[in-house]
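This briefing concerns a single protein chain, shown below.

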Amino acid sequence: MKVTVIGTGYVGLVTGACLSEMGNHVMCLDVDPAKIKILNDGGIPIHEPGLLEVVRRNVAAGRLEFTTDIEKSVAHGTLQFIAVGTPPDEDGSADLQYVTAAARNIGRLMTDHKVIVDKSTVPVGTGDKVRAAVADELAKRGLPEMEFSVCSNPEFLKEGAAVADFMRPDRIVVGAEDERAILLMKALYQPFVRNRDRMIITDIRSAEFIKYAANCMLATRISFMNEMSRLAEKVGADIEMVRVGIGSDPRIGTQFLYPGVGYGGSCFPKDVKALAMIAAENGMPSKMLTAVEEVNEEQKMVLVHKIVAKYGEDLSGKTFAMWGLAFKPNTDDMREAPSRVIIQELLARGAKVQAYDPVAATEAQRVMEGWAGLSYAEGQKQALEGADALVIVTEWKEFRTPDFDGIASSLRDKIVFDGRNLYEPELIRSFGLEYLSIGRR
């Protein structure tokens, strides 16, 4: 099957690569020539485990190609996936300018039937706007009778595990309202659901809503546990024991119950804001979503408050080693990363920060360029050199079993501020380290 994917970000590139892996001929379009050059030169513009190998394998097989040529991309695919960014506007609503621009290009250039698939995370009703944009362009060309289909196919990919999520999906949601689109989408995804039918067919608006509701539910669980972690400290409970206790209830389950320094990334912050805006626009302001967002912003300050409680507001002369910059492991994504807030707050109080991240350092240097007092280490040990205390922000696997003796001998004040509860308190204290974590005694 011939497929066009518009956009080569996390969603678009993973979608294009994985669809080509199943034998489809996929053309990925991006208007950024720098991205396309990286891809055509054999690299990828993002860090995603396993993705580079899939891309290279399918480029070599002739099933995957990259272009900046819009006309060529529209002519190529019967299925036209729109996987462009929908960044938050000033009021928190999703900015659909790139989605509608892609739709207009399709309408402006198509010469036969197309199935236009919204893969981007979009507000309810976007399918209608895409349909209207395409129809408007066809009318301008004097082709109002040319048929096309619009459907919604939201992604449920976790950064750091996106390839595995796409190849072995727990569900595939398709919102469509004509049989032709449904049949083509079923044929496209059939190789991914051979063992068990995981396809959920809905109307377009329900599919659009499913994506927002799912992300906001997960964000709610995270904020709930983060708020409980702060309460646990007040009442003398251990949030890790609480997590195990409530997670053993099958009605609750164990996922997304880990307290920390708040969620970040490209999805949860944006989608919570967008759904809250949708609720307000429909006369139903969401107290819950507002609270989820507020708790998350407060949680990004938890380690800062612990550091200030230990050292005072003036941190002049203090140097902090920081392990982890990306908002989560196995990605270089720095969007809405809690590390950015923590670093900014420490620097504002006069401290210096020596940061190490196994993957995200380059991206971090780009987004935090010129931050005086921030330097980057090439490894864990280098970050510790000359530091007063260690701050752990991202739970990379290589941080799980560190050299505790080495940490204790390197740090002047022998203090670890752990924003991910990586260690057993008794163990780390046995090395002579003071251990301040999230919601624990």
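Which residues is Leu79 in contact with, leaving aside its neighbours within four places in sequence? They are Met1, Lys2, Val3, Thr4, Val115, Val117, Leu184, Met185 and Leu188, where contact means heavy atoms within 4.5 Å.

The model is predicted: local features need pLDDT of at least 70, side-chain atom pairs count only at pLDDT 80 or more, and totals for chains, interfaces and linings use all residues. Residues are numbered from 1 along each chain as its sequence is written, and side-chain values use heavy atoms, with hydrogens and water left out.

**Overall architecture**

- The chain holds 18 helices and 14 strands; these are DSSP runs numbered from the N terminus, with helices being H or I of at least four residues and strands being E of at least two.
- The chain is as compact as a globular protein of its length, because its radius of gyration of 24 Å is close to the 22 Å that the globule rule gives for 441 residues.
- That radius is taken over C-alpha atoms, and the globule rule is 2.2 Å times the number of residues to the power 0.38.
- Along the principal axes, the C-alpha trace spans about 75 × 50 × 45 Å.
- Of the contacts between residues at least 6 apart in sequence, 73% join residues at least 24 apart.

**Surface and charge**

- Buried residues account for 54% of the 441 residues; buried means under 20% relative accessible area, exposed over 50%, and partly exposed in between (1.4 Å probe, protein chains only).
- The chain exposes about 19600 Å², of which carbon and sulfur atoms supply 52%; accessible areas come from the Shrake-Rupley method with a 1.4 Å probe, and for residues only the protein chains shown count as cover.
- There are 52 positive and 62 negative side chains, and the centres of the two sets lie 3 Å apart.
- In this count Lys and Arg are positive and Asp and Glu negative, while His and the chain ends are not counted; each charge is placed at NZ of Lys, CZ of Arg, CG of Asp or CD of Glu.

**Buried residues in strands and helices**

- Leu79 lies in strand 4 (residues 79-82) and is buried at 0% relative accessibility.
- Thr67, in strand 3 (residues 64-67), counts as buried at 10% relative accessibility.
- Beyond four places in sequence, Thr67 is in contact with Met27, Cys28, Leu29, Asp30, Ile36, Lys72 and Ser73.
- Asp271 belongs to helix 11 (residues 268-281) and is buried, with a relative accessible area of 0%.
- Not counting residues up to four places away, Asp271 touches Thr121, Lys211, Tyr212, Asn215 and Cys216.
- Leu303 is placed in helix 13 (residues 302-311) and is buried at 0% relative accessibility.
- Among the residues that Leu303 touches, beyond four places in sequence, are Val261, Ile342, Val391, Phe417 and Ile438.
- Leu303 and Met228, 75 residues apart in sequence, are 16 Å apart from C-alpha to C-alpha.

**Partly exposed residues in strands and helices**

- Tyr376 is found in strand 11 (residues 374-376) and counts as partly exposed at 24% relative accessibility.
- Beyond four places in sequence, Tyr376 touches Leu325, Ala355, Ala361, Ala364, Gln365 and Met368.
- The side chain of Tyr376 reaches the backbone oxygen of Ala364 at 3.4 Å.
- Tyr376 and Phe404 are 28 residues apart along the chain, and their C-alpha atoms are separated by 21 Å.
- Ala187 lies in helix 8 (residues 179-189) and is partly exposed at 43% relative accessibility.
- Ala187 and Met1 are 186 residues apart in sequence, yet 8.9 Å apart in space, C-alpha to C-alpha.

- Most residues other than glycine have a negative phi.
- Lys414, not a glycine, has a positive phi of about 55°; its place is the loop between helix 17 (404-410) and strand 13 (415-418), and it is partly exposed at 33% relative accessible area.
- Asn421, likewise not a glycine, has a positive phi of about 50°; it lies in the loop between strand 13 and helix 18 (425-429) and is buried, with a relative accessible area of 10%.

Terms used. Polar contact = N/O pair within 3.5 Å; in protein donor to acceptor, adjacent residues only side chain to side chain.
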